[in-house]
Amino acid sequence: MILNTRKRDIRSRLLPFILSAGIIVLDQITKLIVVRTVPEGSGVRVLGDFFRIVDVRNPAISFSIGRSLQAGTRHTLFTLLPLAVILVLLLYYLLTRDPLTRFQRWTFGALVGGGLGNYVDRIFRPSGVVDFLDFKFYGLLGLERWPTFNVADATVVVSGILLFISFLIPTRKPGGTS
């Protein structure tokens, strides 16, 4: 009985990594389609000027933070730092004794998938992470266009926000206590 419970617990902790793998695959397929169909540095209007698909390479991290660093420093820093963050998150996830809710496990799986999707680009695309989703932002926050992003970026942001919110909302534990 205890062994079956332990197996179920391990399975419920590892199952969300199927979502991680799916996000990595989806992210890489969409990037491959863009790289093969849109010339680098140009774009295709999809919804007029509001939404375009472009091929932009980002050698830095989100919002091009770190673009001004020297290439060697930037490559080393942005290869090692995301790997360290992902490893720390994975260790927390796998070793925590306080069980996460099903929702938290799945959002965590999405977060890891998004992070690894961009990490694949950092390893295999020397020109940088492929960003391609480009939206007009109408001057909000001083931005005429939102910084170009990809499936992995969107997944990291959305799952990160959802995971954060889930830790703020009390959950009911079995037995009726919160």
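Which residues do ring pairs link into a cluster?

## Aromatic cluster

The cluster joins Phe 50, Phe 51, Phe 135, Tyr 138 and Phe 149 through ring pairs. The model is a predicted one. In total, the structure holds 7 aromatic pairs.

## Pairs at Tyr 93

One of the aromatic pairs is formed by Phe 17 and Tyr 93. Its geometry is edge-to-face, with 5.4 Å centre to centre and 85° between the planes. Phe 17 sits in helix H2 (residues 16–37) and Tyr 93 in helix H3 (residues 71–95), so this pair ties together parts that are 76 residues apart in sequence.

Tyr 93 also pairs with Phe 108. Here the rings are stacked: 4.5 Å separates the centres, and the planes are 10° apart. This pair links distant parts of the chain, with Tyr 93 in helix H3 and Phe 108 in helix H4 (residues 102–124), 15 residues apart.

Are these two residues buried or exposed? Tyr 93 has 1% relative accessibility, so Tyr 93 counts as buried. Phe 108 has a relative accessible area of 4% and is buried.

Ser 159 belongs to helix H5 (residues 151–168). Its relative accessibility is 4%, under the 20% cut-off, so Ser 159 counts as buried.

Which residues does Ser 159 contact, leaving aside its neighbours within four places in sequence? They are Thr 107, Ala 110 and Leu 111. The C-alpha atoms of Ser 159 and Gly 109 are 8.7 Å apart in space, while the two residues are 50 residues apart in sequence.

Terms used
Residues are numbered from 1 along each chain as its sequence is written. This is a predicted model: local features need pLDDT of at least 70, side-chain atom pairs count only at pLDDT 80 or more; totals for chains, interfaces and linings use all residues. Side-chain values use heavy atoms; hydrogens and water are left out. Rings of Phe, Tyr and Trp (its six-membered ring) pair if their centres lie within 6.5 Å; planes under 30 degrees apart count as stacked, over 60 as edge-to-face and the rest as tilted. Helices (H or I, at least four residues) and strands (E, at least two) are DSSP runs, numbered from the N terminus. Buried means under 20% relative accessible area, exposed over 50%, partly exposed in between (1.4 Å probe, protein chains only). Contact means heavy atoms within 4.5 Å.
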